[in-house]
Amino acid sequence: MQYSILWADDEIDLLKPYILFLQTKGYNVTPVNSGTDALDELEKSNKFDVVFLDENMPGMTGLEVLPHIKQMRPNLPVIMITKSEEEHIMEEAIGSKIADYLIKPLNPNQILLSVKKILDKKRLEEEKTNISYQQEFRQLAMQYQDRIDYTEWAEINKKLIFWELEIDRTQNKSMSEILTMQKSEANTNFCRFIEENYEDWLNDPKIDKPVMSHNLMRKKVFPLVNDSSPLFFVLIDNLRFDQWKILEGLIQDYFTVEEESTYYSILPTTTAYARNSIFAGMMPSEIEKQYPKHWVADIGDSEDEEGFNQYEEFFFQEQIRRSRLTFKTSYNKIIHNNQGKSLVENFSKLMQNQLNVIVYNFVDMLSHARTDMAMIKELAPDESGYRSLTASWFSHSPLFDLLKKISEKKGRLIITTDHGMIRVQNPVKIVGDRSVNTNLRYKQGRNLNWENEDHVLVCKKPERFFLPKVNVSTSYVFTMQDYFFAYPNNYNHYVSHYRNTFQHGGISLEECIIPFVYLKAK
């Protein structure tokens, strides 16, 4: 592609060597002697890709011409050129959204670098990204095909997400299909890893195992509580690691990341099980046994996950009591936007506590709406769109306002989640009675029958997974990779409705390996 440059300078004749240099590099250059002439050229033609603008011209100065250019062509890059090194001129130019700032005497390579940085940046970045990913592709594949532990799986997940975000930023996304295939292959191997190790993690006290939902507070949160500054534990439901990386870019002006790690969600990877387990500090069957009045069985045709989490604050306070801790705490659950605004308005009260727990349900609401609302499906057709939608919500949410206040008051912050989610693609037929739960990624009940054994994990002894048994013959079955359960009745409609939607409850890198981030205010 050949780019066109408009160059305005009252000493344009003295710049002919530079113009010739750019022309030999394949750029078309239109020289003019004044800011007024530059505006005339822009009125006549839309062909220009960048403007070189001398700051110190007679008549209209470069800084006076700049607003007119921005009004005519808001997205046209402008490179300001000046003899002056005065700071206020630089600040005014930068504040006017120039693309670059060069100081005379000019250097040909300096000019070329500036032009390439603006005009060829996306192409060059894409080439570099594609080459770098191709170099790491084989290394990653060899890693996840070996027998590796939970720590190495967490690192592989981070690397895959890094490349997913890097490729997503490229213009043509030419490597995205290859990355999708590699993620799918990695997920197949990860699910096999969970199948081989999960039961041992829960039942063998001697083996090495990851931090999981039921010991998250005890191992990662309580040790950070102190008297020096309040600690805010913010749990954003359904937050995948790739979504956290997007949020990180939005809050980096306010916080420094002290620790960016992951932990493993228990199975099923749902709000009812994983989040109750976090706050109780127990596995689900232990909660049911010790607090039978507060455990709500996840059965039947209820779609309201939040109905299973009515006692989080009770479980949280009980865990603190059992741990013999005496620090002052608060618990807030945000389901509606007005609740978030109210929390911000009453922020000063939170500063009186040593530990503030804040549960934000918006991402969960968004993901469930994803299956039912045509508009949401249009806005978030894939992972990239979902990340964009999450960023848009966060940027305008009371949660962002709350985090800014935490930073302003030098509070400390934990951002984490209860489980992730995956975009499902492939159906598995299953048959069960009316008492079977409705979650698409796992089922519990009696007399369950399903097809395709290769893509499900069967738990015939729920006690080994520390899961409640509604009946003596209760079993659990989990889908793996990007599979989801579908009933034979009205099968095609069901599959068409739920395919390509974000779901959770099963086994995948996206659902199981989730972020835990500790931050300090800047």
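This is a predicted model: local features need pLDDT of at least 70, side-chain atom pairs count only at pLDDT 80 or more; totals for chains, interfaces and linings use all residues.
# Notebook: helix packing, sheets and buried sites

**Entry 1, H7 and H18.** The term follows from the angle: under 35 degrees counts as roughly parallel, over 145 as roughly antiparallel, 65 to 115 as roughly perpendicular, and the rest as oblique. For helix H7 (residues 150–169) and H18 the angle is about 90 degrees, and the axes are 11 Å apart. Axes are lines fitted to C-alpha atoms, for helices over the stretch in contact, and angles run from 0 to 180 degrees between N-to-C directions. I list Glu-164, Leu-165 and Asp-168 on the H7 side of the contact, and Glu-383, Ser-384 and Arg-387 on the H18 side; contact means heavy atoms within 4.5 Å. By class, these residues are 1 nonpolar, 1 polar and 4 charged. Ala, Val, Leu, Ile, Met, Phe, Trp, Tyr, Cys and Pro count as nonpolar, Asp, Glu, Lys and Arg as charged, and the others, Gly among them, as polar.

Residues are numbered from 1 along each chain as its sequence is written, and side-chain values use heavy atoms, with hydrogens and water left out.

I count 21 helices and 19 strands in the chain. Helices (H or I, at least four residues) and strands (E, at least two) are DSSP runs, numbered from the N terminus. The C-alpha trace spans about 90 × 55 × 45 Å along its principal axes. Of the 522 residues, 55% are buried; buried means under 20% relative accessible area, exposed over 50%, and partly exposed in between (1.4 Å probe, protein chains only). Among contacts with a separation of 6 or more, 74% join residues 24 or more positions apart.

I returned to H18 (residues 383–395), where Thr-390 lies. Its relative accessibility is 1%, so Thr-390 counts as buried. With neighbours within four places in sequence left aside, Thr-390 is in contact with Gln-243 and Leu-247. I also looked up Ile-161: it is 229 residues from Thr-390 in sequence and 16 Å from it in space, C-alpha to C-alpha.

I then took helix H6 (residues 121–145) and helix H8 (residues 176–203), which pack at about 15 degrees with their axes 10 Å apart. That angle makes H6 roughly parallel to H8. I find Tyr-133, Phe-137, Leu-140, Ala-141, Tyr-144 and Gln-145 of H6 in contact with a set from H8: Ile-178, Leu-179, Gln-182, Glu-185, Ala-186 and Asn-189. The classes here are 8 nonpolar, 3 polar and 1 charged residues.

Asn-130 lies in H6 and is buried, at a relative accessible area of 10%. Beyond its neighbours within four places in sequence, I find Asn-130 in contact with Ser-174 and Met-175. Lys-173 is 43 residues from Asn-130 in sequence and 9.0 Å from it in space, C-alpha to C-alpha. I located His-214 in the loop between H8 and helix H9 (216–221). His-214 is buried too, with a relative accessible area of 15%. Its contacts outside four places in sequence are Leu-202, Ile-266, Ser-277, Gly-281, Met-282 and Met-283.

I examined strand S4 (residues 78–82) and found 5 of its 5 residues buried. Val-78, Met-80 and Thr-82 cover one side and Ile-79 and Ile-81 the other, all of them buried. Strand S3 (residues 50–54) pairs with S4 in the parallel sense over 4 bridges; two strands pair if DSSP finds at least two bridges between them. Opposite Ile-79 of S4 stands Phe-52.

S13 pairs with strand S16 (residues 475–479) in the antiparallel sense over 4 bridges. I noted Ser-475 in S16 as the bridge partner of Gly-445.
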